[in-house]
Amino acid sequence: MYFNRTIENTIEEAGKSFPCIVIYGPRQVGKSTTIDYLFGEKYTKVTLDDLDDRLLAEKSPRLFLENYGWPLIIDEIQKVPTLLDEIKKIIDDEKLKWLKNDEPHQLMYILTGSNRFELQQGISDSLAGRCAVVDMASFSNLEKNKIKEYRFSPKISEWKKLEKSETIPYESRKEIFESIFQGGMPDVATGLVDREMYFKSYVSTYMEKDVRKLINASSEMQFREFISIVALRTSQELHYDEVAGAVGIDVRTCKRWISILETSGIIFLLQPYMANVSNRIIKSPKLYFMDTGLCAYLCKWPNAEMLSNSAMCGAFFETYVVSEIVKNLYAYNKEPKDYIFYYRDTGRKEIDLLYVDEGSITPIEIKAGITPSNPTKNFSVLSKYNLNVEPGLVISNCDRIRPINEEAYFIPAYLLP
């Protein structure tokens, strides 16, 4: 059964404006399935996982593209980056014909890749201005509930409309932690595979296909340990020296390995909000896993109940909320780092999340409990910024929207996009 994805409209709109679309995302988040659903009946498809096709593409990129023609879907394009230069030439030739004949452009190529670390330089060099780049993540909670379209908004009025519509089924704290433990990988979320076996295989595949070429062969076991240590620090500030010391590597290697995880979509780094107001802001980013199921597996949590009662329940709940917002921004082709930040200063005043848009700023606290005490205590620090401070949100496991005071509201986590 196919589950519709929120990102479908973004992909189709990109195809109306560009002759090429590049879709990035971690392995097995549904890139190929979604593209096949949208374009499979009209486009030829080839995967560079096929050895014969890969050998032809490597030996003679021009012949490979002439053989398949266009429109064409190429899966795992990062395996033969030399194809990009030939794709550029073909696109440029066709664009001249369209211009000469006053014809509209067509979508010629759809490229998917699971290793952005290897691919992004080639895309920037060869296809700049010729392709739309779309980031794709694993299922959001709404997609798992077969709710395709809902755009995240920090505005209270939008939350109230959503709650009143009863579009989203209510989920208890227990059910939310079950969803956190399960994660959003399509095969796991749809029950096609055993969760434990899936993630064991997933980590091995990621190591073998995406990482081995980027690190020394002798470092593979250290990198596997590194991923688990990073998982244990989800929703925390990232201190490279601390992680490096725990793994037994130097800081330079740690930074490179973090970059590999970020670029391949395994983690997201949330930056502190900086508006040139104070030099007292902490500058370290916060680290979040993009799939809570993978994170829970790496942390060796055996079930959702133990996770929900553990000392890490708050960290996982915060990771869940932030990753859901990031997924939604990706789905609408928005760069999350332009919209969401966190706040912490040297006076230890913290706000989990700031949503900044069109001259306004919305403070957001994320609490795993149902009725957290005094969650808005630090919202007043935002008055120093020359921005309109919107009513704040406290996203928790409460059962309905209700005001905390005149400046903030409790928001149930089950309403998240």
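Mentor: The answer below begins with the helix and then turns to rings and charges.

This is a predicted model, in which local features need pLDDT of at least 70 and side-chain atom pairs count only at pLDDT 80 or more, while totals for chains, interfaces and linings use all residues. Residues are numbered from 1 along each chain as its sequence is written, and side-chain values use heavy atoms, with hydrogens and water left out.

The helix in question is H13, residues 240–247. Helices (H or I, at least four residues) and strands (E, at least two) are DSSP runs, numbered from the N terminus. The buried residues of H13 are Val-243, Ala-244 and Val-247. These three lie on the same side of H13, because they cover an arc of only 100° around the axis; the arc is that of the directions from the helix axis to the C-beta atoms. Asp-241 and Gly-245, on the other side of H13, are exposed. Here buried means under 20% relative accessible area and exposed over 50%, with partly exposed in between (1.4 Å probe, protein chains only). The buried residues of H13 pack against two helices, H12 (220–231) and H14 (251–263), where contact means heavy atoms within 4.5 Å. Just after H13, Gly-248 takes a positive phi of about 90°.

Helix H12 also holds Phe-223 and Phe-226, which are three residues apart and so separated by about one helical turn. Both of these Phe residues are buried. The structure holds 19 aromatic pairs. In the case of Phe-223 and Phe-226, the ring centres are 5.6 Å apart and the planes stand at 40°, so the pair is tilted. Rings of Phe, Tyr and Trp (its six-membered ring) pair if their centres lie within 6.5 Å; planes under 30 degrees apart count as stacked, over 60 as edge-to-face and the rest as tilted. Elsewhere, ring pairs link Phe-152, Trp-159, Tyr-339 and Tyr-355 into a cluster.

Charges come next. Side chains of opposite charge can pair when their charged atoms come close. A salt bridge is a side-chain nitrogen of Lys or Arg within 4 Å of a carboxyl oxygen of Asp or Glu, and a search of the whole structure finds 18 of them. One of these joins Arg-344 to Glu-237, at 2.6 Å from N to O. The pair links distant parts of the chain, 107 residues apart: Arg-344 belongs to strand E9 (residues 340–344) and Glu-237 to strand E6 (residues 236–237). Both Arg-344 and Glu-237 are buried.

Another salt bridge joins Glu-76 and Arg-27, whose closest N and O atoms are 3.7 Å apart. Glu-76 lies in the loop between strand E3 (72–75) and helix H5 (83–100), and Arg-27 in the loop between strand E1 (20–24) and helix H2 (31–39), so the pair ties together parts that are 49 residues apart in sequence. Glu-76 counts as buried because its relative accessibility is 7%. Arg-27, with a relative accessible area of 8%, is buried too.

A further salt bridge, between Glu-324 and Lys-327, spans 3.8 Å from N to O. Its two residues lie in helix H17 (residues 313–331), three residues apart, which is about one turn of the helix.
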